[in-house]
Amino acid sequence: MDLLLDAICVVDARGCFVFVSAAGERIFGYTPAEMTGRPMIDFVFPEDRARTLQAVDKIVGGQPQPHFENRYVRKDGQIVHIMWSARWSETDQVRVAVARDVTERKRAETMQAALYAISEAAHSAGNLIALFEHIHQIIDGLLPAVNFFIALYDKSKDELTFPYYVDEYDQAPAPQKLDSAVLSAQVIRTGQVLLYTPDSGAPPPGQVHPAVGRDSLNWLGVPLKAKKGVIGALVVKNYCAETRYTQKDVELLQFVSAQIATAIERKQMEIWLQHIARHDPLTDLPNRELFHDRLQTALRWAQRNQTLLSLLYIDLDRFKQVNDTLGHPIGDLLLQEVAHRLKQCVRESDTVGRVGGDEFLVLLHDIPVPEDALVVAEKIRVALGRRYDLADQRVHISPSIGVALYPAHSDDYKQLIRYADEAMYAAKKNGGNRFRVTAGPRIRKSGNEGESLV
């Protein structure tokens, strides 16, 4: 019996094994007889085949490769990392190579590198999607992960989402409840690793997407455990029966999952802190600082593209009476509902901001004609004037709205705000429940609930 740890392999000019020493069975899982006569490339991990053939061309061309590394697929489906020392024998027209199994060393090196890379990604990624892309690349360097997704669970909403989902056959599922039948939900509910291989049988119908390739599906999901509990699941899968996830893959993913969960939690916290710094805590609308930034950006865009924009300044008539008679909790509910109705009155590209107690600003971006601003102002007046049912209290309130336009009234964002503000106070002075349009320093005369821009 060959006691050598390294295997000696000989490959002919056609690329087929003509000799494999006995030690090859320990490394590859196949007996020498099973490998002899078969193409060498058939045993190579698919993603490494092109690179391996390039190395073969160099060897045949007279360039020995003393430290070439690639991955082979063992008979049991495991991936093994091989370091080759190979040369070409011109006399015998064969490649002679010594194979050493460096899987454990490679695993230790890659795991340490992965932890460092995950930590770096957590600091450098600008958002969660960028972080997930980095994590996908890192995991793909550890094990087969062409198909990869991250599922996140929001406990406050009882909602499971799939913000990053890469699959060669399938699309990301819609948001679901945690009690849904999908496998990732089971991983999060139990906090336990879940591994499916062709040997363990196909998952129950409806638990995994897609049906294509289910008989050869390899599915491995690990929970993402953070300080506040399980925040999601990390899943890798493939549809190749020959490439199966093993217990070592489970251990590897579990090892890096804690770091990944910490990175995701840290990025989520950064995003939340950035959000609350620029949003009103009661209505979650952009605050004064963020609104002013968006207005300046919109003005620059409008100047470059010669388009129109409008600014609406909105104040609630007799809001103080609501607070004084019904209390601040009802007043807060009213402000939240006003914010909701305002957002329903405008497009996704427009911006609604809260800039004071009961004062709101609306930026109408890229409007086709000035009269469109009046249409929106009237729409807002009607929407905010409808009855509010708030904690068993019925509330009636109306808005006073001031309108300013670019470029008709100013190209300076501070001036636009001031003119819209002045127009709003003019509307309020005339009884409220109306809008008025500024003419710059002067206010144009208006009708009872609207006016013409001409």
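This is a predicted model: local features need pLDDT of at least 70, side-chain atom pairs count only at pLDDT 80 or more; totals for chains, interfaces and linings use all residues.

Biologist: Good to know. In what order do the 5 strands of the open sheet run?

Modeller: The order is 7-6-10-9-8, and the pairing is antiparallel. Strand 7 (159-166) and strand 8 (194-196) stand at the edges with a single partner strand each, so one side of each has no neighbour in the sheet. From one strand to the next, the twist averages 15 degrees.

Biologist: And over how many bridges do strand 9 and strand 10 pair?

Modeller: Strand 9 (residues 218-226) and strand 10 (residues 229-238) pair over 9 bridges, in the antiparallel sense. If you want a spot to look at, P223 stands opposite A233 in strand 10.

Biologist: Let's move to the start of the chain. How do strand 1 and strand 2 pair?

Modeller: Strand 1 (residues 7-12) pairs with strand 2 in the antiparallel sense, over 3 bridges. Strand 2 covers residues 17-20, and its V20 stands opposite C9.

Biologist: Which residue takes a positive phi in that hairpin?

Modeller: That's G15, with phi near 95 degrees; the hairpin has 4 residues between the strands.

Biologist: Which residues make the nonpolar surface patch?

Modeller: I8, V18, F19 and V98 make the patch, which is about 290 Å². V18 sits in strand 2.

Biologist: Nice. New topic: how far does helix 10 reach?

Modeller: Helix 10 (residues 328-345) has 18 residues and reaches 26 Å from its first C-alpha to its last, close to the 26 Å expected at 1.5 Å a residue.

Biologist: Which residues of helix 10 are buried?

Modeller: The buried ones are I330, G331, L334, L335, V338, A339, R341, L342 and C345.

Biologist: On to charges, then. How many salt bridges are there?

Modeller: The count comes to 23 salt bridges. As background, side chains of opposite charge can pair when their charged atoms come close.

Biologist: Which side chain does E69 meet in a salt bridge?

Modeller: E69 meets K106, at 2.9 Å from N to O. The pair links distant parts of the chain, with E69 in strand 3 (residues 65-73) and K106 in helix 4 (residues 103-124), 37 residues apart. E69 is partly exposed at 21% relative accessibility, and K106 is partly exposed at 23%.

Biologist: Which residues are linked with those two in a network?

Modeller: R105 and E109 join E69 and K106 in a network of salt bridges.

Biologist: What about E104, which side chain does that one meet?

Modeller: E104 forms a salt bridge with K248, at 2.8 Å from N to O. E104 lies in helix 4 and K248 in helix 7 (residues 247-277), so this pair ties together parts that are 144 residues apart in sequence. Both are partly exposed: E104 has 47% relative accessibility and K248 has 36%.

Methods. Residues are numbered from 1 along each chain as its sequence is written. Side-chain values use heavy atoms; hydrogens and water are left out. Patches are made of residues with over 30% relative accessible area and no salt bridge: like charges are joined within 9 Å, nonpolar side chains (Val, Leu, Ile, Met, Phe, Trp, Tyr) within 5 Å. Accessible areas come from the Shrake-Rupley method with a 1.4 Å probe; for residues, only the protein chains shown count as cover. A salt bridge is a side-chain nitrogen of Lys or Arg within 4 Å of a carboxyl oxygen of Asp or Glu. Helices (H or I, at least four residues) and strands (E, at least two) are DSSP runs, numbered from the N terminus. The expected span of a helix is 1.5 Å times one less than its number of residues. Buried means under 20% relative accessible area, exposed over 50%, partly exposed in between (1.4 Å probe, protein chains only). Two strands pair if DSSP finds at least two bridges between them. Axes are lines fitted to C-alpha atoms, for helices over the stretch in contact, and angles run from 0 to 180 degrees between N-to-C directions.
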